[in-house]
Amino acid sequence: MRLSDRVKQITPSATLAIDTKAKQLAGEGLDVVNFSVGEPDFDTPQHIKDAAIVAIQAGFTKYTPAAGIAELREAICKKLKDDNGLDYKPNQIVVSAGAKHSLYNAYQALCNLGDEVIVQAPYWVSYTEIVKLAGAVPVIVETTARGGFKMTPAAIEAKLTPRTRVINLNSPSNPTGVVYSADELRAIAELAVKHDLYVVADEIYEKLLYDGVTHTSVASFGPEIKARTVVINGMSKAYAMTGWRMGYTASEPDLAKVMADLQGHMTSNPNSITQKASVAALLGPQEPLREMVKEFGRRRDYMVKRLEALPGFDLVIPQGAFYVFPSVKGWIGRTVGGRKIASSDDLAGLILDEVQVALVPGTGFGAPDCVRFSYSTSMDRIKTGCDRIERLLKGLW
Ligand SMILES: Cc1ncc(COP(=O)(O)O)c(C=O)c1O
């Protein structure tokens, strides 16, 4: 089949691949503990569902403006003001079918063929693919566990060329759970302004924070950086609304207009009912979110303790999102039970085959020495999964 060069360069999602295999084993009757999931295991809060039901019954089921209804764009402006200290007008907000769609719009709008985008590794699997689909080139800044999985301005500066157009930022981060401090972000903001670069700031995990750390939006360091930032956020992670598909951008009005025009030819508006539900999510009670974060915090503490005790595992304590991303370098190069462990893929394969626990190998995140554990599953399952891995690995070490 003759396919476009554009689609031929896409790498299939590593997280979906492991999830498919885990589901296949479960379908064969095996009891699989799935630590590969990238979505809250909590249900969408009832008042959000109720708003959607009201919208359906009221016949709110037609096209809306491509960039979203005024009511939702106003609610997003209020959120950005209250939570992030950012002043935006509704004409600066574009709502889309998930933050992933928002990222796609942003890179399509910002990049020309051959432009370069700074992306830190470990990275969320879709950044590099979305950048490539915009005809741009992801330029990887490697970060290490010792450096807390954070990019420094010096490391970014070393990768800049005349083609650099955007710095992609993600804090709190998937897959590492790392949260940049306000000072670290300010330094990156200053660098972006100095070199006249855009920042695409994916803040989708901003509400999932532990240990009392706080989130700062990189756009909040003054008008110069705000004008160069596209803030990306959405409903999926904070409100357990992954299936509803709702994300948004906040940017300069000209850029927002272009993204809305692009979307107008691609998907038109995101789902009208989801838009009403999202208004309820943003303006309604935040108690369910606080309860969810409390429970995620408990699970994180437990999982970190268990993983720290495993032989050959080395971890940076995550302070956000719902992932732990240990290095398993201690296992790489060993032969265990007749199987050569040449990469984290092999270790994840061994663990899935031997004790039916699904992890995502770090290869797809640009970190082949690591594996990603999600604690978005019940405490009971976390205990079972950790017990199984401990039994297996302690026996093989
Ligand atoms: C870092 C990051 N950004 C964006 C997304 C996409 O979220 P959405 O469901 O809003 O498309 C995800 C989902 O896993 C993510 O981990």
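1. Let's start with the ligand in this predicted model. The shell around the ligand holds 13 residues, and those that come nearest are Gly98, Ala99, Lys100, Asn174 and Ser236. Sorted by class, the residues of this shell are 3 nonpolar, 8 polar and 2 charged.

2. Besides being one of the residues that come nearest to the ligand, Asn174 is joined to Pro175 by a cis peptide bond, with omega near 20°. As for Pro175, you will find this residue in the loop that runs between strand E5 (164–170) and helix H8 (182–194).

3. Another cis peptide bond links Ala121 to Pro122, and here omega is about -5°. Pro122 sits in the loop between strand E3 (116–121) and helix H6 (125–133).

4. Next, a backbone angle to check at Asp196. Phi of Asp196 is near 55°, which is a positive value in a residue that is not glycine. Asp196 belongs to the loop between H8 and strand E6 (198–202). Is Asp196 buried or exposed? Asp196 counts as exposed because it has 10 C-beta neighbours inside 10 Å, and the cut-off for exposed is 12 or fewer.

5. Asp211 also has a positive phi without being glycine, with a value near 60°. Its place is in the loop between E6 and helix H9 (223–227). With 12 C-beta neighbours inside 10 Å, Asp211 counts as exposed; the limit of 12 or fewer still includes that count.

6. Now to strand E14, which covers residues 371–374. Which way do its side chains point? Val371 and Phe373 point one way, Arg372 and Ser374 point the other way, and all of them are buried. If you work with this region, note that Arg372 is among the buried residues.

7. Finally, the partners of E14. Strand E9 (residues 323–324) is antiparallel to E14 and joined to it by 2 bridges; within this pairing, Val324 stands opposite Phe373. Strand E13 (residues 360–361) also runs antiparallel to E14, again with 2 bridges. Which residue of E14 is the bridge partner of Pro361? That partner is Val371.

Technical notes:
Residues numbered from 1 in each chain as written. Predicted model: local features only at pLDDT ≥ 70, side-chain atom pairs only at ≥ 80, totals over all residues. Near = placed C-beta within 6 Å. Nonpolar A, V, L, I, M, F, W, Y, C, P; charged D, E, K, R; others polar. Helix = DSSP H or I, 4+ residues; strand = E, 2+ residues; numbered from the N terminus. Buried ≥ 20, exposed ≤ 12 C-beta atoms within 10 Å, placed from the backbone. Pairing = 2+ DSSP bridges.
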